[in-house]
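Let's take a walk through this one together. Have the chains up on your screen and follow along as we go.

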Amino acid sequence: MIRPRPRLTLPGLVLLAAVLAGCGLAPDPAQPTATPLPGTVLNPPRVLADFTLTDHTGAPFGLDDLRGRVALVFFGFTHCPDICPTTLADFKQVKTQLGSATDEVAFVFFSVDGARDTPERLAAYVRAFDPDFIGLTGDDAVLRPVAADFGVYYQAHAPASGSGSYLVDHTASVFALDREGRLAIVFPYGTPPDAIARRLRALL
Amino acid sequence: MIGLRRSRLHPWAVWMVIGLGILALAGCGGADNPATATPTAGGTPAITVQDAWVRATTGTEPGQMTAAYLTLVNTLPHDERLIGARAEGAGAVEIHETTMQGEMMHMAPVSGVDVAAGASVALAPGGLHLMLLDLDRALVPDDTVVLTLIFESGLELLVEAPVRPLVQE
């Protein structure tokens, strides 16, 4: 039995074109859609345990150094070629979008690789993105509980034979702290910079 | 700069390498949008490379690492498999894949990347990438890095990948 092939007739084409054209229509600005911004808001914000790490200048750095400012936080390592530079590039775009309000925001990169991420290496790393970005590092024994307090976990792979280089799996969420140094918002990995900037404005 | 480093290339592979070399040279002037056209579009089936780029390094001392990205387009009638790469100035190149397990970022070497006949595969941020290790120099925007892509069939492709800034507007 031969089944007739479906044919796209001229009226069909017109209808198809109309449907496709409709797909691209922008929503009516007079009727704003209630699309929630990405990110989980912690209500109430979660109090974090104080810590003392070393910043990229070699100076001690604790939660007190962030109080009074809103902070945007990411955990990573400088030998990470893909996710970490992508996220710090996003931080730079958040900073740009915040404009003058950026003076009240700290951008902080916590290392999960204290063994390799010396303050000197961190300094070169964070400054490659922005001179105001802050890098924090410390011994694993100090870093691990700080990370866990944010809900961040990390695990170094066994070094590849020969080179001695290794990778570190880690939680890739982005965190916002309020002016009291409390964990206020958790952004999933890949949250667009403009959405982060809009959320941060609400904390300022 | 462009050369055939192995003698066991198939004849069509030679043409592809030459074609890519021409493309790479033509792409030198436009760092923002390199290699967007295939030299064989509508012509001889080939494996081609589009949108190759390398992220600038974050440090200046030797021994830096970074990632390279590109899209492989296979118009050949058979599957191909990328099994390795070399990069000018890099001590080693590994094919890696970033995967997310929930919010946990996991990165691991992969043995190869299959590019089925007629298909294309993107090596892009947050997924597959070439990890360039032990670089002998810092890579800054507007540099170029010559990549040699090695396929299981014996085919090797050379491509000049421009270095893009860490933060792209």
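**Strands, an interface and a helix pair**

Start in chain B, where strand β3 (residues 80–87) and strand β9 (residues 144–151) run antiparallel to each other, paired over five bridges.

Next, where does chain B meet chain A? On the chain B side 23 residues are in contact with 27 residues of chain A. The elements giving two or more residues to that side of chain B are β2 (64–74), β4 (90–101), β5 (104–109) and β8 (128–135). Of these, β5(B) supplies the largest share, four residues. Sorted by class, the side of chain B that touches chain A comes to 12 nonpolar, nine polar and two charged residues.

Strand β8 (residues 168–171) of chain A joins β5(B) in the antiparallel sense, over two bridges. To find the place, look for His170(A), which stands opposite Met105(B).

Moving on within chain A, helix α2 (residues 83–98) packs against helix α5 (residues 193–203) at an angle of about 50°, and their axes are 9 Å apart. That angle is why α2(A) counts as oblique to α5(A). As for handedness, the crossing of these two helices is right-handed. From α2(A), the contact is made by Asp90(A), Gln93(A), Val94(A), Gln97(A) and Leu98(A), and from α5(A) by Pro193(A), Asp194(A), Ile196(A), Ala197(A) and Leu200(A). By class, that contact of α2(A) with α5(A) has six nonpolar, two polar and two charged residues.

Finally, a word on confidence. Chain A averages a pLDDT of 86, with 81% of the residues scoring at least 70. Which stretch of chain A stays under 50? Residues 10–30 do, and the model has two contacts beyond four places in sequence for them. Where pLDDT is low, the predicted coordinates should not be read in detail.

How values were computed
Residues numbered from 1 in each chain as written. Chains lettered and ligands numbered in written order. Predicted model: local features only at pLDDT ≥ 70, side-chain atom pairs only at ≥ 80, totals over all residues. Contact = placed C-beta atoms within 7 Å. Nonpolar A, V, L, I, M, F, W, Y, C, P; charged D, E, K, R; others polar. Pairing = 2+ DSSP bridges. pLDDT = per-residue confidence, 0-100. Axes fitted to C-alpha atoms, helices over the stretch in contact; angles between N-to-C directions. Parallel < 35°, antiparallel > 145°, perpendicular 65-115°, else oblique. Left-handed = near helix turned anticlockwise from the far one by under 90°.
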